[in-house]
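Q: I am new to protein structures and would like a close look at the salt bridges. Please start with a single pair and then show me what surrounds such pairs.

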Amino acid sequence: MKLLDIEDLVTELTTDGRHWLRAVDRVSLTVRRGETYCLVGESGSGKSVTALSAMRLLPEGRHRHPGGRIRLHGASGETVDLLAADGETLREVRGGRIGMIFQEPMTSLNPVLTIGEQLDEALLLHQSNLTPAERAERIVAALAEVRMPDPVGRVREYPHRLSGGQRQRVMIAMALICEPALLIADEPTTALDVTVQAEILKLMRDLQAAHGMGLLFITHDFGVVAQIADTVGVMRRGALVEQGPAGEVLRAPRHEYTRGLIAALPERLARGPRPTASCKPLVSIDGLKVHFPVRRGFLRRVVDHLRAVDGVSLEIGAGEVVALVGESGCGKTTLGRALLRLLEPTAGSIHLEGRDITRLSRKDLRGLRRRMQVVFQDPGSSLNPRLPILTTLLEPMRVHGIGRDDAERTRRAAELLDRVEMPADSLWRYPHEFSGGQRQRLAIARALVLEPRFILCDEITSALDVSVQAGILRLLRSLVDDDGLGLLFITHNLGVVEFLADRVAVMNEGKLVETGRTDEVLRAPRETYTRALLAAVPRLDGALVEA
Amino acid sequence: MTEIATVPTPEQRSRPWSRQVLAALLGRTGARIGLAWIGLLVLAATFAPFIANSHPLFMVIDGRASSPALAHLEPLDWVWLAGFALAVGLALAPLRAWLKIAVWLSGVGLTALLAYSLVSPPVLTIHEQYRELEAEGRIERVVRAPIPYSAKDYLRDYGDTGIEAPLAADDGRRHWFGTEENGADVAARMIHAARIALGIGFIATGIALLIGTLIGGLMGYFSGAIDIIGMRLVEIFEAIPTLFLLLTFVAFFGRSIYLMMVIIGITSWSGYARYVRAEFLKLREQDFVQAAVACGLPLWSILFRHMLPNGLAPLLVAASFGVASAILAEATLSFLGLGLVDDPSWGQMLNQAVQSSTFNWWLAVFPGGAIFCTVFAYNLIGEALRDAVDPHTQRGGGGVR
């Protein structure tokens with residue numbers, strides 16, 4: 001039975017009122033009752049705009065619909081044309097008949113209202129015939145339904161007291177409290193850890209089965225699609241290139257683009273033969289601890305220590321990629337920064353090429369900086385937005401006395417850009433002119449400029465689309481294989497680990513849980529935590545085998 | 001392919017951020033109006049001796065040509081002219097921004113040194129001599145300034161000329177804005193007073209910016225103990241009442257415009273320090289700053305090359321409002337009768353408007369209007385600058401026209 005019917009939807013967006021960009025181009029899809037429709041695609045493909053068009057949540061005066069119809073079918077056969085609906089109807093539809101969950105759990109709840117108040121507001125608006133006592137009962141029931149621990153006590157809590165996963169549960173409770181017929185979820189698990197993601201996905205599946213509602217689920221992750229979808233639609237540049245039952249589309253994609261996307265998944269990338277890593281350790285850390293003091297009270301006395309990294313020992317050899325895996329907050333980024341002496345370690349020692357650098361002064365360290373470099377996670381902030389790429393690349397060379405003059409340095413910079421597969425005219429451009437993937441390539445070039453022996457990569461592909469990620473992963477692997485660099489690759493994506501890493505170190509609560517060769521750890525994990533982590537990862541292959 | 005061929009030519013450069021902000025700024029009506037007014041003031045201040053001067057620009061007496069206006073130029077006039085010429089020249093020169101500022105500052109400093117040691121105009125200036133010569137018919141040819149009265153020409157040759165309404169004189173004199181209590185032309189005084197308005201705004205704010213950026217930057221980058229000490233220093237300076245301190249200093253050390261500039265500067269840096277500190281605290285955690293540290297770049301480069309340009313936006317906005325408030329502080333002081341003694345200033349003219357028994361409207365309207373327009377212009381520029389540097393408001397507001 002049809003629930004949401006989108007026909008030939010066209011959505012155009014503008015920023016200046018003159019130039020219109022076609023974000024959604026003649027998309028037709030149908031969501032039925034009790035069905036999960038997954039819209040999948042890379043960033044900018046128009047998946048979110050499609051969902052926002054259906055909710056009529058696009059900014060006023062900045063969008064238009066030159067064509068198409070969106071109809072919501074009611075239980076008793078009546079239909080609402082959402083594109084033509086007036087404000088009153090839309091208010092009744094939003095929250096009442098269509099619920100929505102957004103991506104960022106940290107910002108989608110109002111921080112100054114309690115959870116109970118926020119849930120109550122939706123009820124007050126859409127179910128005004130209920131008495132306060134009945135509403136309070138419904139709120140507790142809704143929180144219990146999303147398996148919130150201690151729902152009665154949580155009603156009076158403010159959002160900042162909850163973890164990301166719990167906030168997303170509250171969002172789901174809020175979306176479901178008025179029992180909508182359709183739930184739109186826009187990347188609801190992208191910001192969450194894999195173990196939490198697994199729980200939330202299971203919860204959503206159970207709730208959908210219990211309520212029999214339609215679910216329009218937007219994601220970029222094929223693993224998630226394989227786990228949750230009944231029907232899949234693949235979007236590219238605003239158009240729906242392929243849609244059909246999940247099993248068919250994932251197993252035997254008809255469209256070339258879908259095939260390319262699935263082939264670009266890191267666990268599907270072909271791994272070439274690798275030279276054996278030298279046994280000489282490039283970087284070794286021994287019993288490293290980083291503790292942050294927790295200060296309280298008027299005099300800011302130290303009452304406790306936050307043990308971000310608590311006794312970690314690890315070795316990284318030349319020509320070897322070691323992946324550091326763990327959930328958010330486990331201390332992997334802190335470990336990386338301490339390793340580079342961007343943070344002061346509390347205890348333990350760090351050796352770089354056999355030399356102890358743990359207690360080296362800032363001045364002595366500056367000369368050694370060129371031996372170890374770093375690439376960060378966020379492509380938006382990894383390059384100085386006010387400097388052209390040339391200056392960013394030249395300045396470190398100048399400081400470390402590489403190259404005789406600026407002409408020679410410029411030539412070296414151009415060669416490096418070629419190495420990271422960027423056009424040479426990028427030198428005179430500014431960071432904002434590049435896409436996320438290109439910026440990460442430039443950040444890699446900046447790291448390579450100093451001819452380092454060791455590079456720390458902190459989640460450098462997490463913000464990128466899979467096809468872009470595939471290119472960067474191949475580039476990194478070739479750098480390691482050709483130039484014999486040592487790489488510590490921090491990530492939470494086990495697919496990436498499988499493609500890239502020679503060895504894996506699994507981290508939890510500041511400690512290394514398990515270390516070993518990649519295939520050994522991934523195939524036969526010894527520790528319970530590693531097993532739980534691996535089981536939570538949504539994988540295309542695993543889900544297809546199950547199905 | 002040769003190695004050189006891989007290096008592209010700089011013709012493919014794209015616009016740097018400063019140009020983009022400038023373009024966005026100039027695209028706004030408010031900023032255009034504000035900048036036009038400030039530009040007008042700069043022109044008036046620079047060429048004041050050629051716009052309002054009792055000394056003729058050019059004259060011929062007994063067959064000898066001379067330019068009394070040039071001969072009577074004071075060292076300060078030369079400094080203004082040199083500063084203006086240098087600024088125009090440098091604006092067209094293809095140099096780096098910080099180099100331009102350095103060249104301009106050293107150029108102005110050098111001119112000041114030269115001018116004060118070499119230029120010595122006649123100590124005794126007799127403004128009325130030319131009018132007397134002219135009356136005697138000894139001047140063969142003369143070119144006068146558009147306003148033929150100096151700021152300190154009290155028209156002694158016309159006898160008892162006190163305060164006069166605009167265009168009220170019936171003996172051939174023409175005072176567009178009237179005269180003040182000593183008989184000097186108000187328009188001439190206002191044009192010369194533009195220098196004080198501009199100078200006090202820029203120098204006081206410049207001093208405040210310099211101190212504020214340094215202290216705020218160090219606080220934000222190092223945090224910890226330096227931050228705690230710095231913030232206490234900020235709190236101490238915020239507790240000092242600027243106007244009261246100014247009054248005290250004027251009482252003890254006499255009236256000096258430079259003293260005022262310095263005092264306004266060193267009491268108003270705390271706001272800028274707070275801004276810079278907040279920006280630096282935020283920027284310090286940014287990946288590109290961490291990457292600069294990881295590249296082993298020296299501290300000054302991290303602070304002033306990688307962090308400061310990214311935290312400049314709120315500072316520029318605050319500075320343009322700061323200029324306005326410095327001008328107001330000087331006007332307030334002059335209005336209270338504690339400003340400069342003989343040199344003209346807008347606030348001092350406002351003071352004269354209410355001093356005599358009658359209300360002299362022209363002494364209130366014209367200088368008051370000038371103060372209002374200047375402060376308003378700086379506020380307009382500040383407002384437009386905030387929109388220009390902030391991409392969020394840029395998209396919402398100025399984009400659609």
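**Salt bridges and their surroundings**

A: At 22% relative accessibility, Asp425(A) counts as partly exposed in this predicted model (partly exposed lies between buried, under 20% relative accessible area, and exposed, over 50%, using a 1.4 Å probe and protein chains only).

Before going on, here is how to read the names and values. Residues are numbered from 1 along each chain as its sequence is written, while chains are lettered from A and ligands numbered from 1 in the order in which they are written. Local features need pLDDT of at least 70 and side-chain atom pairs pLDDT 80 or more, totals for chains, interfaces and linings use all residues, and side-chain values use heavy atoms, without hydrogens and water.

Now look inside chain B. Glu279(B) and Lys282(B) meet through their side chains in a salt bridge, with 3.7 Å from N to O. Both residues belong to helix α12 of chain B, which covers residues 269-284, and they sit three residues apart, about one turn of the helix (helices, H or I of at least four residues, and strands, E of at least two, are DSSP runs numbered from the N terminus). An α-helix has 3.6 residues a turn, so residues three or four places apart point the same way. Glu279(B) has 15% relative accessibility and counts as buried. Salt bridges can also share partners: Lys2(A), Asp5(A), Glu7(A), Arg69(A) and Arg71(A) are joined in this way into one network. Over all chains, the rule counts 52 salt bridges.

Some of these pairs link one chain to the other. One of them is formed by the side chains of Glu395(A) and Arg305(B), at 3.9 Å from N to O. Glu395(A) lies in helix α13 of chain A (residues 389-399) and Arg305(B) in helix α14 of chain B, so this pair joins two chains. Glu395(A) counts as buried at 5% relative accessibility, whereas Arg305(B), at 22%, counts as partly exposed. Across the interface of chain B and chain A, the rule finds two salt bridges. Arg337(A) and Asp287(B) also meet in a salt bridge, with 3.6 Å between N and O. On the side of chain B that touches chain A, the elements giving two or more residues are α1 (17-26), α13 (287-294), α14 (299-335) and α17 (391-396) of chain B.

What else belongs to the place where the chains meet? The contact takes 40 residues from chain A and 36 residues from chain B (contact means heavy atoms within 4.5 Å). About 3300 Å² is buried between the two chains, and carbon and sulfur atoms give 55% of that area (buried area is the accessible area, with a 1.4 Å probe, that two parts lose on being put together, summed over both).

Let us follow α1(B), one of those elements. Its buried residues are Trp17(B), Val21(B), Ala24(B) and Leu25(B). They lie on the same side of α1(B), because they cover an arc of only 100° around the axis (the arc is that of the directions from the helix axis to the C-beta atoms).

Helix α7 of chain B (residues 129-136) can be read in the same way. Here Tyr130(B), Arg131(B) and Leu133(B) are buried. Their arc around the axis is only 160°, which puts them on the same side of α7(B). Ala135(B) and Glu136(B), on the other side of α7(B), are exposed. The cover over the buried residues of α7(B) includes β1 (58-61), α4 (68-71) and β3 (139-143) of chain B. Just after α7(B) comes Gly137(B), which takes a positive phi of about 80°.

Finally, visit Thr213(B), a residue of helix α8 of chain B (residues 186-222). At 12% relative accessibility, Thr213(B) counts as buried. Leaving aside residues up to four places away in sequence, Thr213(B) touches Val276(B), Leu308(B) and Leu315(B). For a contrast in setting, find Thr131(A) in the loop between α3 (115-126) and α4 (132-145) of chain A. Thr131(A) counts as partly exposed, at 38% relative accessibility.

Definitions and conventions: Salt bridge = Lys/Arg side-chain N within 4 Å of Asp/Glu carboxyl O.
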